[in-house]
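Student: I am new to this structure and would like a close look at one part of it. Could you pick a single helix and explain carefully how it sits among its surroundings?

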Amino acid sequence: MNKELNYFMNKTKGIVIAFLAVGLGLAACNTGAKRRNPGKTYAPDMTYSQAYDAYTHNPNFADGETSRLPVEGTVAMGHELPDHLVEGDTNAYKTFTTHLRFNEAEMAEGERLYNIYCGICHGGKLDGQGPLYVSGKFAAMPANFKDGKYINMPSGTMYAAIKFGKNAMGSYASQLDIKQRWMVIAYIKKFQAENGGAPFTLGAAANEVATTDAEVAAEVTHTDTH
Ligand code: HEC
């Protein structure tokens, strides 16, 4: 073996031994106890929020809450005006309506929401024969939307059922916002119109973006009188 190679191998051996020694040393330090120290944090201002997290204490407000309610009298962008419908006022339900008109995409969204929230009971065919009811695990017969009792039910009454629930049916107010409720109703109403119910009126003409401001204003005065 020539001298140089010999020297090189000795050196490598040295390095390997050094690594092993360090490794053993580190392993020896691990006593098996739980480590409570999270170690060093890279970019702590990203790891630990500088802003107040939701639901934490906030000294900047008199009530100490970080999560704020919307300013009174305001409506968040993209949200509908409050509906002012009062639970149990069944006469108001019957005449309650909406200025919203839905295009094809919104109708499809209504169907999607129906299948998520309502189909389990009311059925994919809207006949009240949803899988939960058919299974026998849910005793109350859900409304059959093809049935004479429901086929021409005012859409405001349907809206009230979604908002407040009806007997064995719970409220879906927290799952569906106002527009979503109407999209689901539009889906049901369209189906009913195609199955012998009154003509469908919640559809938008092709490419119609939204209702006019005048219609919205009329709706505001209308709903405010409830
Ligand atoms: C857990 C089962 C269940 C789910 C889910 C459910 N419903 Fe119902 N629904 C019922 C039952 C049961 C009734 C019959 C209530 C009665 O008249 O006693 C009913 C009745 C109704 C009625 C008639 C209300 C009236 O005034 O007679 C409407 C409209 C309705 N549901 C719409 C919906 C919509 C829309 C959804 C989805 C957002 C939905 N339901 C989800 C069980 C359900």
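Tutor: Let us take H4, whose buried residues pack against H5 and H9, where packing is contact between C-beta atoms, placed from the backbone, within 7 Å. This is a predicted model, in which local features need pLDDT of at least 70 and side-chain atom pairs count only at pLDDT 80 or more, while totals for chains, interfaces and linings use all residues. Residues are numbered from 1 along each chain as its sequence is written.

Helix H4 spans residues 104–117 (helices are DSSP runs of H or I, at least four residues, numbered from the N terminus). Its 14 residues reach 20 Å from the first C-alpha to the last, close to the 20 Å expected at 1.5 Å a residue (1.5 Å times one less than the number of residues). The buried residues of H4 are Glu106, Gly110 and Tyr114 (buried means 20 or more other C-beta atoms within 10 Å, exposed 12 or fewer, and partly exposed in between). Because these residues cover an arc of only 90° around the axis, they lie on the same side of H4 (the arc is that of directions from the axis to the C-beta atoms). On the face turned away from that buried side, H4 carries the exposed residues Glu104, Ala105 and Ile116.

Now follow the two partners of that buried side, H5 and H9. Helix H5 covers residues 119–122 and, like H8 (155–164), gives two or more residues to the shell around the ligand. In the loop between H5 and helix H6 (131–134) lies Leu126, which has a positive phi of about 60° although it is not a glycine. Leu126 is buried, since 23 other C-beta atoms lie within 10 Å.

Leaving aside residues up to four places away in sequence, Ile185 touches Ser155, Met158 and Tyr159.

Conventions
Two residues are in contact if their C-beta atoms, placed from the backbone, lie within 7 Å.
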